[in-house]
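Dear colleague,

Here is the structure I promised to pass on to you. My notes on what was found in it follow below.

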Amino acid sequence: MQRPSGFRTSLATVLLTVVAVLASAASANAARCANAHANPAEHPRAAHRATLCLLNQERAAHGLRPLRANGALASAARGHSRDMVRRSFFDHTAPGNVTFVDRIRRANYSPRGSWSVGENLAWGSGSLATPASIVAGWMRSPGHRANILNGRFRSIGLGIARGVPINASAAMARSGATYTTDFGSR
């Protein structure tokens, strides 16, 4: 089959346009959330609010209700982020075989009847540690995206710890942040 001479150029143009539109949408969401590009090591509370805002922007774009902060889930998430930084590991299961479900139960998130939970982890340093970068990374990952866009999840606990979960240079550790989001439904 003979393709028109401009076919490759047209296909490349379409692909670049799609990428530009997706990047533009991500930038628009970040623009609507104050401090989306702030370094959480310097502005932890602002980063927390921006991350929740960005996650809820993604949910709204898909017709989903916003996530509500939950103290028990937040306690589990915050403790896990700090633990990963302190003990230099990056996993849903902590040393000693403590799973995220174990941590969530220990934090007294114990709804009645059927319930489900999910967890997203991420870390970065410098510009890769900002809420906008972390949420964009999660949205590009099928498993993380599925948690964010799971309509059954209505509650969230967000934990952001200063530092990275690996042995790193002092500069990387200072500009880094480790994120845990614990999702729940009751």
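Trp-138 touches, leaving aside residues up to four places away in sequence, Thr-51, Leu-55, Asn-120, Leu-121, Ala-122, His-144, Arg-145, Ile-148, Tyr-179 and Thr-181, where a contact means heavy atoms within 4.5 Å. Please bear in mind that this is a predicted model, in which local features need pLDDT of at least 70 and side-chain atom pairs count only at pLDDT 80 or more, while totals for chains, interfaces and linings use all residues. Residues are numbered from 1 along each chain as its sequence is written, and side-chain values use heavy atoms, with hydrogens and water left out.

Trp-138 is also, together with Ile-148 and Tyr-179, among the residues with the most contacts inside the largest nonpolar core, which has 22 residues. Such a core is a set of buried Ala, Val, Leu, Ile, Met, Phe, Trp, Tyr and Cys residues joined through side-chain atoms within 4.5 Å, and buried means under 20% relative accessible area with a 1.4 Å probe, counting protein chains only. Two or more residues of this core come from each of α2 (44–61), α5 (131–140), β3 (155–162) and β4 (176–185), and α5 gives the most, with five residues. A second, separate core of seven residues includes Leu-73, Ala-76, Ala-107 and Tyr-109.

As for the chain overall, there are seven helices and four strands, taken as DSSP runs (helices H or I, at least four residues; strands E, at least two) and numbered from the N terminus. Of the 186 residues in the chain, 42% are buried, and among contacts between residues at least 6 apart in sequence, 71% join residues at least 24 apart.

Best wishes

Key. Buried < 20%, exposed > 50% of the residue type's maximum accessible area, 1.4 Å probe, protein only.
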